[in-house]
Amino acid sequence: MATDVTTDASPGATPDPAARATAPGGKKNAPDLGLGRLYLRRFLRNRLAVVGVVIFVLLVLFSAFGSLFTSYAYSDADFAALTRPPSAAHWFGTNQGGNDVYASAVHGLQRSLAIAVSVSVLTIVVAAVIGSSAAYFGGRVEKATLAVIHFLLVVPSFLILALVSHRLAGDWRVLIVVLTVFGWMSTARVIWSVSTSLRERDYVTAAEFMGISAPRIILRHIIPNLGSLLIVNLTLGVVATVLSETALSFLGFGVQTPDVSLGTMLADGAGTITSAPWLFAFPAGLVVLLTVSMTFVGDGLRDALDPTSVTGAAGGRR
């Protein structure tokens, strides 16, 4: 005799997801929530992650549309208002050259975001291809790749970054290339370590048996299964790049005048932090908001995408 599947007698009760996914006879029905919706629900339960997304979106909107609310460009100089504190005419004040700090902050945030996102994306792409290729091919290819990675990890990359970017006049496009060249090694090593287990999976063996080429197996079967790792590293890579670009520009080796970034603004304001604190406070506040928001988002993504995460499974309450 068939056994009835009963639910909670209370009218407002929510049936257990495991019970809903199992039909009589032990057969499993399709889950009510897709994997993407499940990840999204876990992410949204993490309050700090949601706050991080809101802050990041507001920063992006500020960088994209903030120039519409001022009549000054970042390169315009108001010689009648040199080093003036915030006022109705200049919301964030002016610097020593009469440049509007608000307009400079909008452009500086825009430039720093462009560098950070571009470097993070390029770094993840390079690291994913190199790390997964080394794990898949193994043997001499793996040993040679790891030798190069370990060598580059011990090279004083910051000094090389400073020298190269300074010799090339601080072009922000060159800075993207240089930061990418010296920024992929740590991520590639992590990806390699994870990919060494993926290369033994049945779907990789089946693809090899069917005669699919190695590049196609890497791009279609190994790298997609690293999705959660790549997304988290992409998010946290934005934070690392912002800090690197800010440090280089602060020391005069990154973005240089007449261009503006948050790092150059911090460098300009560092010398007048007591006499004109607004020159340092506003760009510093943007850097803090940007790094904190992306850190919150990265933590939220890690909790949501990791099935073993206690905070992700329990709702991410902190």
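**Salt bridges and their setting**

The protein exposes about 17300 Å², of which carbon and sulfur atoms supply 66%; accessible areas come from the Shrake-Rupley method with a 1.4 Å probe, and for residues only the protein chains shown count as cover. This is a predicted model, in which local features need pLDDT of at least 70 and side-chain atom pairs count only at pLDDT 80 or more, while totals for chains, interfaces and linings use all residues. Residues are numbered from 1 along each chain as its sequence is written, and side-chain values use heavy atoms, with hydrogens and water left out.

The protein has 14 helices and zero strands; helices (H or I, at least four residues) and strands (E, at least two) are DSSP runs, numbered from the N terminus. Of the 318 residues, 39% are buried, where buried means under 20% relative accessible area, exposed over 50%, and partly exposed in between (1.4 Å probe, protein chains only).

The structure holds four salt bridges, each defined as a side-chain nitrogen of Lys or Arg within 4 Å of a carboxyl oxygen of Asp or Glu.

One of them joins the side chains of arginine 111 and aspartate 259 at 2.9 Å, N to O. Arginine 111 belongs to helix H4 (residues 101-137) and aspartate 259 to the loop between helix H11 (227-250) and helix H12 (262-270), so the pair ties together parts that are 148 residues apart in sequence. Arginine 111 is buried, at 13% relative accessible area, and aspartate 259 is buried at 14%.

Another salt bridge brings together the side chains of glutamate 142 and arginine 199 (3.5 Å, N to O). This pair also links distant parts of the chain, 57 residues apart: glutamate 142 is in helix H5 (residues 139-154), and arginine 199 is in the loop between helix H8 (185-198) and helix H9 (202-209). Glutamate 142 is buried, with a relative accessible area of 13%, whereas arginine 199 is partly exposed at 23%. Glu142 and Arg199 are linked with Glu200 in a network of salt bridges.

Aspartate 299 counts as buried at 18% relative accessibility, while arginine 302 is partly exposed at 38%.
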